[in-house]
Amino acid sequence: MEHPGSMAAPVSDTIGAEIYALAARLYPICRSITGDGVRETLSILSETVPLERHEVATGTPAFDWTIPREWSIRSATIRDSAGRPVVDFADHNLHVLNYSIPFRGTLKLAELKQHIHTLPDQPNLIPYRTSYYAENWGFCMAHNRLAALPDGDYEVEIDAELRDGSLSYGEYLHRGETDREFLLSAHICHPSLANDNCSGLALLACLAARLRERKTRYSYRFLFAPGTIGSLAWLSRNEDVTERIDHGLVVSCVGDGGGPTYKRSRRSNAFIDRAMAHVLAHQTAPPKLLDFSPYGYDERQFCSPGFNLPVGLFQRSAFGTFPEYHTSADNLDFIGPEHLGLSYRIISSAIEIVEGDWTPLSLSPKGEPQLGRRGLYAALGGDKSTGLSAMSLLWVLNLADGHHSLLTMAERSGLTFAELAAAAELLRSNGLLADAATPPRS
Ligand code: ZN
C-alpha cells in the first residue's frame, strides 16, 4: 500500500494547474442537458481519461421522467431597428435561454422584455436561465444594457432546434481488487460557468487519470452526466451497479476559494460522511458541514428513497451562496489553480481513508508494549525522522482492541487518519499489531 496520505500532501500545485487548464478548455462550450456541447465536452475529457460514451434516445423512460428532445443552437440575436446587434449569443452563450425554442419576429420593446431575463441587483451580469421542460424562448442580458435600450422595434432571431436525438453521458470505471464501488459524479449540463461545473468535470477527469495509474482496493466509477435527467438515465440503466456502491461523492463548484463544504448523504452517518467530516476538520479554513437536504445536485437522485446511496456532496462555496453563482461572473477569473488543487487533495484524502482503513488488533494488549526494545522508543521520543508523533503510536496501541478502525481512532483522538495509519503500519511491521479481520493463529 502507498503511504497513507501521500496523495494528500500539499507538495505543489501542478495538479491544480492541470485541472485549471482543463476547466479553461471546457469553459467556452455551450452545453445543455442534451446536444453536441455535451459530446464535445466528453471528447475533451476523454483526452485525459478514456470515457465510455452512452447515448440514450429521446423518449426513453427514466423512472418517472422521459429523455427529452435534443437541443441544438446555431445563433441567437436581438437587433435594433438599424440592424445593430443588441444581444448576440456569439458573444456569450449565457445570452440565450438554455433550451430555447426557435423564434423569429419583430417585437416592440415592451413585448420583447417579457422574454428577457436580467439581474436587477447585479446589473452588469448576465444570468444563467434554463427552460428544459416548458417550451419557451428567451434571452438573458445585463440589466444595465436592457435599461439603456430605447423604445422601438427589435428584430429577434433564435436559430435553434429541438428534435428527436439522444442524451449523452460519459463513464469511466477503474477496477480495483473488489467490485465494491466508489461513485464520483459531476454534472455536465451547464454552459459557460467555470465553477459550476467546469471545475468539477476537470477535477474528476484528472483524479480518474491519477487513479488509473495505481492499484486500489475499491473500484472507482466516474460519471459525467447532465444534471437530474442524466443521473436518472444512468440510475435507470444501472440498478444492478447501485447495489455495489459503498461510497460516493457528487462534486461541483470546487474551484473557488470558499468552504470547503460537505453535505452529508441521506444516511447521515455513512462511511463517506465520516471520512469527509474528518478530512474537513483538519483543514485550516473552518469547514461547513451540512446535513442532507433534498435540494442541490444529483445527490437528490442518488439519495432518493428507492436508492438511498451513501453519496454526499462536496463543494467549496455551497451552491447559491456566492454572488457569482449562475451568472456570467462565474468565469475563469473566479476559479483558481490553488483552490482546485486543495479540492483535489481533500477528495484524495477521503479516498485514502476509504482505501486505507482497517481495524488493528494489539498482539501485546496487557500493559503497554515495551517500545524501546523494538527500536520504537526513538519514535516515541519524538524523533523527527519518523514523522510520527508519540501520541499516534500510543493511541493506536490503546485502541487496538479489534473494535476501532483507524478512522474511528482518528475521530476519537483528534489526530489525522494519515498519521494514525502510518503509526499502525510501523507497529504492524514490528509485530505488535495484526489486522482484526485476519488475526494470526496463535
Ligand atoms: Zn448550477
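Hi everyone. Let me start with what I mean by an aromatic pair: two rings of Phe, Tyr or Trp, taking the six-membered ring for Trp, with their centres within 6.5 Å. What you see here is a predicted model, and by that rule it has 14 aromatic pairs.

Let's look at one of them, phenylalanine 103 with tryptophan 137. The ring centres are 4.1 Å apart and the planes meet at 15°, so this pair is stacked, since planes under 30 degrees apart count that way. Where do phenylalanine 103 and tryptophan 137 lie? Phenylalanine 103 is in strand 6, residues 103-108, while tryptophan 137 sits in the loop between strand 7 (116-117) and strand 8 (139-140), so the pair ties together parts that are 34 residues apart in sequence.

Next, please find tyrosine 172 and phenylalanine 222. This pair is tilted, with 6.4 Å from centre to centre and 40° between the planes. Tyrosine 172 belongs to strand 10 (residues 166-174) and phenylalanine 222 to strand 12 (residues 219-225), so here the pair ties together parts 50 residues apart in sequence. Are tyrosine 172 and phenylalanine 222 buried or exposed? Both are buried.

Now for a group of rings. Trp65, Trp71, Tyr99, Tyr132 and Tyr133 form a cluster, linked by ring pairs.

And one last stop, this time with a charge. Which ring does the charged end of arginine 428 sit over? That would be the ring of tryptophan 358, with the charged end 3.9 Å from the ring's centre.

Technical notes: Residues are numbered from 1 along each chain as its sequence is written. This is a predicted model: local features need pLDDT of at least 70, side-chain atom pairs count only at pLDDT 80 or more; totals for chains, interfaces and linings use all residues. Side-chain values use heavy atoms; hydrogens and water are left out. Rings of Phe, Tyr and Trp (its six-membered ring) pair if their centres lie within 6.5 Å; planes under 30 degrees apart count as stacked, over 60 as edge-to-face and the rest as tilted. Helices (H or I, at least four residues) and strands (E, at least two) are DSSP runs, numbered from the N terminus. Buried means under 20% relative accessible area, exposed over 50%, partly exposed in between (1.4 Å probe, protein chains only). A charge sits over a ring if NZ of Lys or CZ of Arg is within 6 Å of the ring centre and within 35 degrees of the ring normal.
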